[in-house]
Amino acid sequence: MASRRLGSPAGRWIDRSQPLGFTFNGRRLSGLRGDTLASALLANDVRLVGRSFKLHRPRGVWSCGLEEPSALVDVDEGARRTPNVRASRLVLEEGLSVRSVNCWPGVAFDLGALTGACAALLPAGFYYKTFMWPSWRLFEPSIRRMAGLGRAPTEPDPDHYEEVAAECDVLVVGGGISGLAAAAAAARAGARTMLLTGAAHPGGALAWRADDEAQGLARAVRQLGVRVLMRTLAFGLYNHNLVAACESLAAEGGELPASVLRERLWKIRARRVIAAAGAFERPLLFPDNDRPGVMLAGAAVKYAGAYGVACGRRAVIAANSDSAYAAARELAQSGLEIVAVIDRRSEAPKGETASGLRVVPGAVVTAVAGTRAVQGCRVARLGGGPRSGQGEWLECDLILSAGGLAPAVHLHSQAGGKLRWVSESAMFVPDGAAPGLVSVGACAGVFSRDAALAHATAVGEALAKGAAAPTAPVGGAGRSEPITCVPGRTSAQFVDLQNDVSAQDVALAARENYRSVEHLKRYTTAGMGTDQGKTSNINALVLMGELTSRAPAEVGTTRFRPPFAPVTLGAIAGRRVASLYRPLRELPAHAWHASHGALFETFGDWRRPAAYPLPGESLEAAAQREAACVRHHAGLFDGSPLGKLELFGADAARFLDLMYVGTMSTLAIGQARYGLLLNEHGTIVDDGIVARLGDRHYWVNTTTAGAERTLAAFEEWLQCEFTDLRVLVTPVTSRWGNVTVAGPSAWRWLEASGFEAALAPHSMRHMTLRESALEGVPLRVLRASFTGELGYEINLPADHASALFARLWERAAEVGAVLYGIEALQLMRLEKGYLHVGSDTDGTTLPGDVGFARGIEAKAANFVGRRSLSRPASRDPQRLQLVGLKPVDGRTALHVGAHIASHAPPAAIEGRVTSSGLSPELACPIALALLAGGTQRTGERVQVYHLGVMTEAVVVRTPFVDPQGRRVHG
Amino acid sequence: MMQLECPCCGRRDESEFVCAGTTHIARPPPAASDAQWGEYLFFRDNPKGVHLERWRHSYGCGLWFNVARHTVTHEILAVYAMTDPPPLPAVAD
Amino acid sequence: MADPAHSEPPLAATGVLVREEPMAVATLRYFAGTGEFVQAVRAATGTEVPPALGACCAPDGQLILAWRSPTETLCLMPGAARVAELTSRLADSVDGCLVDLSDGFRVLRLTGPRIADLLCRLGGTASVPQPGEARRSRLADVPVLALALRVEETLLVIDRSLLPHVLAWIHATLADFVAP
Amino acid sequence: MRYSALALVRGALTAHRHWAPAWRSPEPKSAYDVVIVGGGGHGLATAYYLAKNHGIRNVAVVERGWLGGGNTGRNTTVVRSNYLYPESARLYDFSLRLYERLARELNFNVMLSQRGHIMLAHSRHDLESLTRWANAMYMNGIEAQLLTRAEVGELIPALDLSADARFPVLGGFLQRRGGTARHDAVAWGYARAADALGVDILQNCEVTGFVKGPGGRVIAVETGRGRIAAERVGIAVAGHSSVLAKLAGFRLPVTSYALQAMVTEPLKPRLDKVVISPGTGVYVSQSDKGEMVIGGGLDLFTSYAQRGSFAVLQGVVAGALAMFPSFSRLRLLRHWAGIVDVVHDSSPIIGPTPVPGLYINCGWGTGGFKAIPVGGWTFAHLLATGRTHELAEPFQLERFISGRLIDEAAASGITH
């Protein structure tokens, strides 16, 4: 195949001594070190690269940057497959393998192209007008298959990503001469300065030219200590000048290690931001302006200069701006034949005609020949109202579009800046500065080099000194008319190439009154592709303005939403993947439990033993065995995650009275009491045990899940409402391990293990706390019980928890004790009818609903949430109240989540089962339920519904076991 | 992501703080009517403009403090102690 | 009971060494201002409680004081004995107390020229303490106190249950450390 | 003009020059029977049902910007009716039933795609919550289905089912009738149908004040395009409800928050169902265009800015990757935020206000899109008759005084 390489000096970025092999749709091709995939494909004379989104039209390389709408490929296969990569941004590597997107079986012969054949049936928004009968779901699957572009990988990403925070006084986005000049000036003025550019070379549009000034500025910037990040694309500007940027670190495709650091997310806090993002070239509209071989003029110039690639042999330039002539000259110099410049404007710039170049003013391209590669075009004068296919035939294999320039105002707009329309050059430019951000250079509409350099320098210096930035000397882009399409009935003139939005579609939107720029975008999908309309947005709205006789400024632009260019999800998540997504906590004695047969499960953010099954034993069976053993002998449980707080201060007692439903101020030192914590709405948020350690010193146990919540609530009330109370709240959860010993033989066990006699049940009563010690290790022993048995919660410094477990376990056999997990504990507390906040309550449960009505009446003092308990809804006798349930047949389980109703569904809900289990003690299923008016319904029979099955149950009083509560006393 | 000026710790990213909504809401006495209590619990100015609100530096020093913030631009107009009176009125645009 | 041996293996990378340091930790809680407790602390430690964001070392070079909040200063020290001594000297004050938090926290000692590079990959730029500073901030998405007494050395004080998470994040980050 | 495949064929022959405007852009009249403030889904649906169900066609919808430009055009397009409380279930299922016939009724394809909505369970406690949920739905007469881990895997192959996942999947619960609809099409379909029945849709027409007459009754609205008199005025301006209420002189139990959403680049079909995880709080679906649509929790501070917090965005993306590790190399194409009015019990308010003649539809929080048909239906009933629709009775302002909240979020622990 003919090579399209040009001889030196063309191709400054390529290394002709380093050929690279790659495959395109399975075809082995060769390029050079320094190529992008696009330049390599063009060098191999590959014109047909991809297929468009809707009509599957053949498309080729269109641009030379991130604005590329057409040449998209899937890179690599397997876990590293990366969809929708722009060929114009993909750096060529040895062994790179890519496939065209959105075509089947292949890009050359694509069945999807059938849609192109019936394009006339598929105008903008056609799907809103049909596929309604019998139902959209009938058509949807095939349409989904036709839509989409690349294919998502199916395996987890083997590569990783990191996030870095940085800050600076002045952040410059863009590495062109304006950006470099601004950065140099800022640094010279003493500002901590950073410069980001998505490119691999400094100099922006001049990067590939031998431009001494640009290179000089680049050197100066480094010498001045500016922190320069190459290959780092700033994609978003967020609140308080946070600039998010993504740095590419690894090659895309080719041979790579098993896992690499692929991209780095930069989060940069900048006092002031300078946008120097340059401009995009704007294409012209003419019939079949999407054919492979039609491309942006500036792109062809860059492919020649930077990559030494001729995008064609004979080029026709369709112009609407002065920039076309510079392009023509350069391309001619690098050896392309310029057939003619077809200038839409009635007169071409002075002198251009004289230069020997053929110029046809006041003319347009009326037809393009060639479906998969341009073969020629027809051009005609505008005057006579040309019709499609009319005019002079020009043979060419390349048609270049030079429609003028569009400043990249994205960051300015993201920062909340306004835009104004400059009609002379037909472009939107920033209207002054945006909050925290100033634009310089092309993205500010400043195109004359000297003016841009002077302005950028002044801006850099001003921002560094905290002064106001000088206004931008907009101009220098030359004349350019608003783009309009070729009049008359023609074949499609594409505005948005990726989404196949044509001028005709825009006209349809206007006709149907989707005239707001947002409606235009949403109805036609113009600018909604992966290129985000970089080369189509302006044309679309200018066209809409013309069709509805409004000035472009009046039509306005759509909001520029971040990101500026698509960003890898992995980069945004950074390290927050797999186990680092959210911390999972382990018990101090985790290893000990693991070595003693614990079956771990995740409860909240803790890994905890659910049970300690014997070989071949199920979780349920283990829980039954463990619970039974604790009831009759003893058991050992790890309660370390229980929340623990120490309160200190003269007002600690008063404060706790305000926080809890129970009264804590009347506790004697060493005494403990159960407490229910409410929020201001009166609903239960936590419960726990409060013990008095001293006159102004309390110990508070919260639930595991409630530890953080309770601390936050205490602090908020103390700091925000009860500011006169002198109380210090110190979280000590992690300091203390909790080794819980329960069961009738608990004390015998502890005694045998060397605990002091003062802890014996007769000298230390239930619900008391003692400070003790064992071999010099301080202990806080709490006589409390969530099992209903004699119980000791031994709190000790967490590092000693394993040792205490081991020490007790040595003598477990003597008392026939077991290790028990959460499941057994749940069974036992259920048998006792003890409340489990979060299971038997939800965000609507009030203390009165779970049996604390009397306790509240008894309490005189006010407490948080109390007032809410006297609202009408809180006093409703039909509220859901916690009761016990037993199946009438004594066998059928009552599942958690089962609902109580008078008959099979649909039916009015009377309540639901909140806790359930098979009682080891009673050997029958028992349950707790929230039941409407439940406390008045003891003895009543109710129907319990669960997934299609009704079970009859009877409402009973709790506790189910040991109603007198004697066992806790040992 | 905003940056807030913790009175103790200085400028920190928004992700170190929690916001508890409108501040300076007087807590009615237990004798308050259901209507007064409902107002206190639920009804808010929710201004499109300057909002006086309560933040806690939960990842830092744990301090609760007040902030005057514009709810459209997110501009921070004032940061002041929990017990201080508002330095400026809450105003809507 | 035998003191259990606990320590994570050190992590090394270009420019940073991360070692776990067994340390006793206690917290001083007091009502803002210069109350009787704060004076007792001065008497007991020979140094003032540090100002906001301050960290300092007691004259004996053993005891590290780190500001934690307007009502709290964290104390790091080599062993339990020193905690006991402090506890007794600060007992029964009306406007402050010492709470022993040993075993509740783990301490990592970071040394080397690239500590800031590491911390900026775990949290924000405000997470990096200068010598004499103690900054509690969001590191690896959890609260961590970072304090520095001299250049190229920083201590991280981490809730024991969160240590594995923070270490894993540090480990992953250091594995990607290359020359700056 | 009727939309149909045939009409498209005709268009193919006439270069589609025969299509009429989907709606007019009329000049405001000086007076209407009913003025609806807010040209989003709820406002437009209200206008349509006023004309269709109640024969009241002298109606204006006044919209500050362009119709459908608020949350209607900014949400993740999920429709479902899997609610716990009978009051909510009745309301949202009625809405879903209206959706099911909406395309044909409006002669506008709203692309209702009932591909199924799946809530995951990550622990046995989650499984119990889902069981409660499923049974509650049966009780409310709504189909639901509990799924095993394997069944979830078959329906969502891209999901991480490994046991060591940070939030392992133990099972799930499916509402087959749940799914998505095309958000813009819902607004446009209602607008076109309402316009055809004579409703005036006034875009770029901001309400700047309410004019009150005897007894403090609202008699007109001041707008950027002049004063417009009305018998009754309805407010349906999700996000900005408090602003309008302030103009009218009362307060609401509402706080405005930014809710972020995002899409990836378009891809070939990879995810058929709508899936939400209670562990990550993140929900994901794939649009017909091929974009992965991702949503999560609120930015938890008052905001009227349609730009979200980057920290929250990162959390949501990380959550999505925790569910779908193979999405890591996909690229984020667009992200944005909508302003939602959040009420303490995350249930709506559809009723009269303290100001006579002024009615409000607000408080839908993060779930307004799925409720557009029923919001319009019940609000139209209220504006036409002055009486609250039976479905809307539980959803009155009074509940914040009596405490009779319908707290779906508190009961279920996830946002609605």
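Tutor: Two strands pair if DSSP finds at least two bridges between them. Keep in mind that this model is predicted.

Student: What makes strand E29 of chain A and strand E16 of chain D a pair?

Tutor: E29 (residues 567-568) of chain A and E16 (residues 331-343) of chain D are joined over two bridges, in the antiparallel sense. The cut-off is at least two bridges, so they pair. Within this pairing, A:Val567 stands opposite D:Leu332.

Student: Why is the link between D:Arg329 and A:Asp159 called a salt bridge?

Tutor: Their side chains meet at 2.8 Å, N to O. The limit is 4 Å from a nitrogen of Lys or Arg to a carboxyl oxygen of Asp or Glu, so the name applies. The rule finds eight salt bridges across the interface of chain A and chain D. It also finds 59 residue pairs in polar contact there. On the side of chain A that touches chain D, helix H3 (residues 136-146) gives the most, with six residues.

Student: What is the area buried between chain A and chain D?

Tutor: About 9600 Å², with carbon and sulfur atoms giving 57%. A:Tyr128, A:Arg144 and A:Leu569 supply 9% of what chain A buries against chain D, more than any other three residues. The contact takes 117 residues from chain A and 105 from chain D.

Student: Now chain C. Why is C:Gly79 called partly exposed?

Tutor: Its relative accessible area is 26%. Buried needs under 20% and exposed over 50%, so C:Gly79 falls in between. C:Gly79 sits in the loop between strand E6 (72-77) and helix H2 (80-90) of chain C.

How values were computed:
Residues numbered from 1 in each chain as written. Chains lettered and ligands numbered in written order. Predicted model: local features only at pLDDT ≥ 70, side-chain atom pairs only at ≥ 80, totals over all residues. Heavy atoms only, no water. Helix = DSSP H or I, 4+ residues; strand = E, 2+ residues; numbered from the N terminus. Buried < 20%, exposed > 50% of the residue type's maximum accessible area, 1.4 Å probe, protein only. Contact = heavy atoms within 4.5 Å. Buried area = accessible area lost by both parts, 1.4 Å probe. Polar contact = N/O pair within 3.5 Å; in protein donor to acceptor, adjacent residues only side chain to side chain.
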